[in-house]
Amino acid sequence: RLAEDHEKARRLAQTLREQPYVANVMPVETNIILGELKPGHPLQTFLDQLSDQGIQAVPFGPQQFRMVTHLDVSEEDLQQVQHVLGELHRQPLAKL
C-alpha cells in the first residue's frame with residue numbers, strides 16, 4: 001500500500017516538473033512532494049487555485065510548497081490533480 005503512495009508521489013512530481021510555472025521539484029523518496037514555483041508566480045495564489053479545486057497543498061517556504069499522497073488519494077484523484085496542474089499555466093499571471 002505504501003509503495004503505491006510513493007509511486008503516485010513520483011508521478012505527481014513528474015507532472016509538476018513539466019509545468020512552466022514550477023522552478024524545481026525535489027527528488028521523491030516517499031509520499032511527500034516538495035516543489036518550488038518560479039519567481040513571479042505567487043505561492044498563495046497557486047495554493048488558493050488548488051484549494052478551489054479541492055486539492056490540498058501547504059506552504060513550505062517563500063516559493064515552496066508541499067503535497068502528500070496517501071491512501072485516500074485514488075487513481076482518479078491523481079489524474080484530476082495532474083489535469084488541474086496542467087491547466088494552471090493557462091491562467092493569467094494575476095491569477096497564478
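Author: Here is a short tour of the sheet, a helix and the salt bridges. This is a predicted model, where local features need pLDDT of at least 70, side-chain atom pairs count only at pLDDT 80 or more, and totals for chains, interfaces and linings use all residues. Residues are numbered from 1 along each chain as its sequence is written, and side-chain values use heavy atoms, with hydrogens and water left out.

Reader: How many bridges join β2 and β4?

Author: 5 bridges, antiparallel, and Glu36 stands opposite Gln64 in β4. β1 and β2 pair over 3 bridges, and a hairpin of 6 residues joins β1 to β2.

Reader: And which residues of β2 are on its covered face?

Author: Ile33, Gly35 and Leu37 are on the covered face, while Ile32, Leu34 and Glu36 are on the uncovered one. In a regular strand the side chains alternate between the two faces of the sheet.

Reader: Switching to helices: what covers the buried residues of α3?

Author: The cover includes α1 (2-17), α2 and β4. Among the buried residues of α3 are Leu78, Val81 and Leu85; buried means under 20% relative accessible area, exposed over 50%, partly exposed in between (1.4 Å probe, protein chains only).

Reader: OK, charges. How many salt bridges does the structure hold?

Author: 3 of them, counting a side-chain nitrogen of Lys or Arg within 4 Å of a carboxyl oxygen of Asp or Glu. Glu4 pairs with Lys8, with the closest N and O atoms 3.2 Å apart. Both lie in α1, 4 residues apart, about one turn of the helix.

Reader: Is that Lys8 buried or exposed?

Author: Lys8 is buried at 4% relative accessible area, whereas Glu4 is partly exposed at 39%.

Reader: Which residue does Glu75 bridge to?

Author: Glu75 bridges to Arg11, with the closest N and O atoms 2.6 Å apart. That pair links distant parts of the chain, Glu75 in α3 and Arg11 in α1, 64 residues apart. Glu75 is partly exposed at 28%, and Arg11 is partly exposed at 27%.

Key:
Helix = DSSP H or I, 4+ residues; strand = E, 2+ residues; numbered from the N terminus. Contact = heavy atoms within 4.5 Å. Pairing = 2+ DSSP bridges.
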